Amino acid sequence: MKVVIKEPGKKPRITEIKNKLSELQQTVGGYIETVTLAEDCCIICNEEGRLQGLPYNLTFCGISFVGTVLFVGVAGDEFTDLSKKHMEILLKQMEGK
């Protein structure tokens, strides 16, 4: 699925990732936690990132995140491709444009 990935100290970028729990966990470095941004968009992050001492990544919507995060689309109970519109908005917002 197409997502936006943001790693600590790096610019956000669009990438493809398999929609499998093991792949999502590997990408964020542990158990996943979701933070809903909209009905069709959420952030996937490491549930225990702070406990593990992962590095600060970004503050988004007033929430500070550590470690690698993924911005993904949502359809019902499933993760999906992030819409092109959401990708553009998220990239602009994280790049401060």
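1. Two residues are in contact when they have heavy atoms within 4.5 Å of each other. The contacts named below are to be read in that sense. The model is predicted.

2. Start with the overall fold. The chain has two helices and eight strands. Along the sequence they follow the pattern β-β-α-β-β-β-β-β-β-α. The radius of gyration is 12 Å, close to the 13 Å that the globule rule gives for 97 residues, so the chain is as compact as a globular protein of that length. Along the principal axes, the C-alpha atoms fill a box of roughly 35 × 30 × 20 Å.

3. Next, burial and surface. Of the 97 residues, 37% count as buried. The accessible surface of the chain is about 5900 Å². Carbon and sulfur atoms account for 50% of that surface. As for contacts between residues at least 6 apart in sequence, 47% join residues at least 24 apart.

4. N57 deserves a close look. It belongs to strand β5, residues 56–60. Its relative accessibility is 7%, so N57 counts as buried. Which backbone oxygens lie by polar atoms of the N57 side chain? One is the backbone oxygen of K6, 2.7 Å from a polar side-chain atom of N57. Another is the backbone oxygen of G67, with a distance of 2.7 Å to a polar atom of the N57 side chain. Residues up to four places away in sequence aside, N57 touches K6, E7, P8, F65, V66, G67, T68 and V69.

5. T68 sits in the loop between β6 (63–66) and β7 (69–75). Is T68 buried or exposed? It is buried, because its relative accessible area is 13% and the cut-off for buried is under 20%. With neighbours within four places in sequence left aside, T68 is in contact with I5, K6, E7, P8, T27, V28, I44, C45 and N57. T68 and Y56 are 12 residues apart in sequence, and their C-alpha atoms are 9.2 Å apart.

6. N46 is another buried asparagine, at 4% relative accessibility. It lies in strand β4, residues 41–46. The N46 side chain reaches the backbone oxygen of G29 at 3.0 Å. It also makes a polar contact with the side chain of Q52, at 3.1 Å. Beyond four places in sequence, the contacts of N46 are V28, G29, G30, Y31, Q52 and L54. G29 and Q52 are both on that list. V28 is a contact of T68 as well.

7. T36 gives a contrast. Its place is in strand β3, residues 32–38. At 63% relative accessibility, T36 counts as exposed, whereas N46 counts as buried. Leaving aside neighbours within four places in sequence, T36 is in contact with C41 and C42. T36 and E78 are 42 residues apart in sequence. In space, C-alpha to C-alpha, they are 13 Å apart.

8. Those two cysteines raise a question: how many disulfides does the count give? The count comes to zero. The sulfur of C41 has its closest cysteine sulfur in C42, 6.7 Å away, too far for a bond. For a disulfide, the two sulfurs would have to be within 2.5 Å. C41 is buried, with a relative accessible area of 2%. C42 is buried too, with 3%.

9. Now the charged side chains. Side chains of opposite charge can pair when their charged atoms come close. A search of the whole structure finds two salt bridges. E7 and K10 form a salt bridge at 3.9 Å, N to O. That distance passes because the cut-off is within 4 Å. E7 also forms a salt bridge with R13, where the closest N and O atoms are 3.4 Å apart. E7, K10 and R13 are thus linked in a network of salt bridges.

Key:
Residues are numbered from 1 along each chain as its sequence is written. This is a predicted model: local features need pLDDT of at least 70, side-chain atom pairs count only at pLDDT 80 or more; totals for chains, interfaces and linings use all residues. Side-chain values use heavy atoms; hydrogens and water are left out. A salt bridge is a side-chain nitrogen of Lys or Arg within 4 Å of a carboxyl oxygen of Asp or Glu. Helices (H or I, at least four residues) and strands (E, at least two) are DSSP runs, numbered from the N terminus. Buried means under 20% relative accessible area, exposed over 50%, partly exposed in between (1.4 Å probe, protein chains only). A polar contact is a pair of N or O atoms within 3.5 Å; within protein, one must be able to donate a hydrogen and the other to accept it, and residues adjacent in sequence count only if both atoms are side-chain atoms. The radius of gyration is taken over C-alpha atoms; the globule rule is 2.2 Å times the number of residues to the power 0.38. Accessible areas come from the Shrake-Rupley method with a 1.4 Å probe; for residues, only the protein chains shown count as cover.
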